[in-house]
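Dear colleague,

I am passing on a structure that I have been reading through, and I would be glad if you kept it open beside this message. My notes on it follow below.

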Amino acid sequence: MSLDALIDRPLALRARQLLTMIPRGDAPRTRPDPANLDALRQRDADVVGLIEDGLVLVKEGLITYAGPWAGRPTLDADAEVIEVACITPGWIDCHTHAVFAGSRHEEFTLRNLGARYLDILNAGGGIHASVESVRRASRASLTDQLIHRCFDFTRQGVTTVEVKSGYGLSTDEELKQLRAIEDARGEVLVDLQATFLGAHVVPKKYRDRRADYVDLLCAEMIPRVAERRLARFCDVFCDQGAFDAAEAERILRAGLDHGLIPRIHADELSEAGGAEVALAVGAASADHLEFVSEAAIGAMAAAGVVAVLLPAVNLFLQVDRHAPARALLEAGVDVALSTDFNPGTAMTQDIGLILTLACTGYGMTPGEALLGITRAAARALRLEDRGTLAAGLRADLTILGVEDYWQIPYFPGRRPIDGVVKAGELVYWQSATEVD
Ligand code: NIG
Ligand code: FE
């Protein structure tokens, strides 16, 4: 069926597999056992709230029914039922640095040959190189580049993308990045959520007076961002080479005072106490967590701080140390997954690859990984209207051409995306899959 034939109708989508992402019981907390495939399949079906032969009905942007075909309400007379293979909630990339200019391919090769990320940064490259590129770029050019990247996100099945500033590092340049996000909003098919990350690193100009930069962040940049409503979140890179825990806490509290929800790049390169700061300020999420402390894991579960894990960084920086995904899940922490799309440590928009890396590197099941880019990612962004499939929620859907959702992480690069529904509208359709 062509896209033209499908637009402007109330949607009725019948799926062989409907993943509601409403877990049954305590499924994600229990340890998966590879010795018993049947029990593992059942456990994973409970993780994703699997309905075999399901139906999603959509009207005026909202889901009106998501449940078994057999229990469907009476369909509208003009409803044409489209049969598809698999439906999940629209995928959410909850941690990206997608508004950038320039390329750092030389640094990529240097690192592959042994150069260290922090040494490159301290020598004035890395994030500083992207800052120079962004400062040279106009707001219109940043917007344009972001728009193109957003179309690629749509083709990958993504319906919501969080985007951080952080390559401006002065009041005007940070505002320029955030305005580019604002300008792109009306032009793209994904919902953009903006985060202020002026505290990415200390800019070169402030190298010998870092306290002055923290003052500038708290007294000028945060108030300006908040007053112009350019971001919902405030983030800090709390690590070696960036900001320490005390600085991070001060910056995030200043954000809170201005209504910005805290999130934090925590314990990526070292045990920097980032997760503890997340707990102290009540952050929505603590992201990275390769070096998170055991004590923090239990406390995160109790406090409802979402762990956002970013496995592409392991690939790009060739770090063997993985974030303790299983310990986080078993403690009851919501584990979200994201690309961390940025020109340095994760030059990829391929969220399907992230699912694969989470399964192979963290020992997550396909269901747990998919939960990470739907329900848990919505929680990381404090968005209550999406991430699961239930009546009354926003109709963001990803339609997949797979016989079995376990095939999604199994074949990275294949892009099994047959369609994308964004706020009730079919915005992408490639009817590749025959459903019989
Ligand atoms: O999430 N860790 C800090 N920020 C990014 C890297 C940004 C860059 O290298 O440009 C990250 O990994
Ligand atoms: Fe990041």
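**The ligand and its surroundings**

A nitrogen atom of ligand 1 lies 2.8 Å from an N or O atom in the side chain of His200. Please keep in mind from the start that this is a predicted model. Two further contacts involve oxygen atoms of the ligand: a polar side-chain atom of Tyr167 is 2.6 Å from an oxygen atom of ligand 1, and an N or O atom in the side chain of Asp340 is 2.8 Å from an oxygen atom of ligand 1. The protein covers 100% of the 320 Å² of accessible area that ligand 1 has on its own.

Which residues come nearest to ligand 1? Of the 15 residues around ligand 1, these are Arg104, Tyr117, Tyr167, Asp340 and Thr345. Sorted by class, the shell around ligand 1 is made up of four nonpolar, eight polar and three charged residues.

Strand S8, which spans residues 233–238, has six of its six residues buried, so the strand is largely enclosed by the rest of the structure.

S14 has pairing partners in both S13 and S15. With strand S13 (residues 397–400), S14 is joined by four bridges and the two run antiparallel; here Leu397 has Val421 in S14 as its bridge partner. With strand S15 (residues 425–429), S14 pairs in the antiparallel sense, again over four bridges, and in this case the bridge partner of Gly419 is Trp429 in S15. S14 and S15 form a hairpin with two residues between them, and Ala423, which sits in the turn, has a positive phi of about 45°.

**Cysteines**

How many disulfides does a search of the whole structure find? The search finds zero. Cys150 is in no disulfide, and the nearest cysteine sulfur, that of Cys94, is 15 Å away. Cys150 is also buried, because its relative accessible area of 1% falls under the cut-off of 20%. Cys218, likewise, is in no disulfide, and the nearest cysteine sulfur in its case, that of Cys234, is 8.3 Å away. Cys218 counts as buried at 11% relative accessibility.

**A buried loop residue**

Is Ala346, a residue with a relative accessible area of 0%, buried or exposed? Ala346 is buried, because a value of 0% is under the 20% that sets the limit. Ala346 is found in the loop between strand S12 (335–337) and helix H14 (351–362). The C-alpha atoms of Ala346 and Gly304 are separated by 27 Å, and the two residues are 42 apart along the chain.

With best wishes

Note on methods. Residues numbered from 1 in each chain as written. Chains lettered and ligands numbered in written order. Predicted model: local features only at pLDDT ≥ 70, side-chain atom pairs only at ≥ 80, totals over all residues. Heavy atoms only, no water. Disulfide = S-S within 2.5 Å. Buried < 20%, exposed > 50% of the residue type's maximum accessible area, 1.4 Å probe, protein only. Near = heavy atom within 4 Å. Polar contact = N/O pair within 3.5 Å; in protein donor to acceptor, adjacent residues only side chain to side chain. Areas by Shrake-Rupley, 256 points an atom, 1.4 Å probe, with all protein chains shown as cover. Nonpolar A, V, L, I, M, F, W, Y, C, P; charged D, E, K, R; others polar. Pairing = 2+ DSSP bridges.
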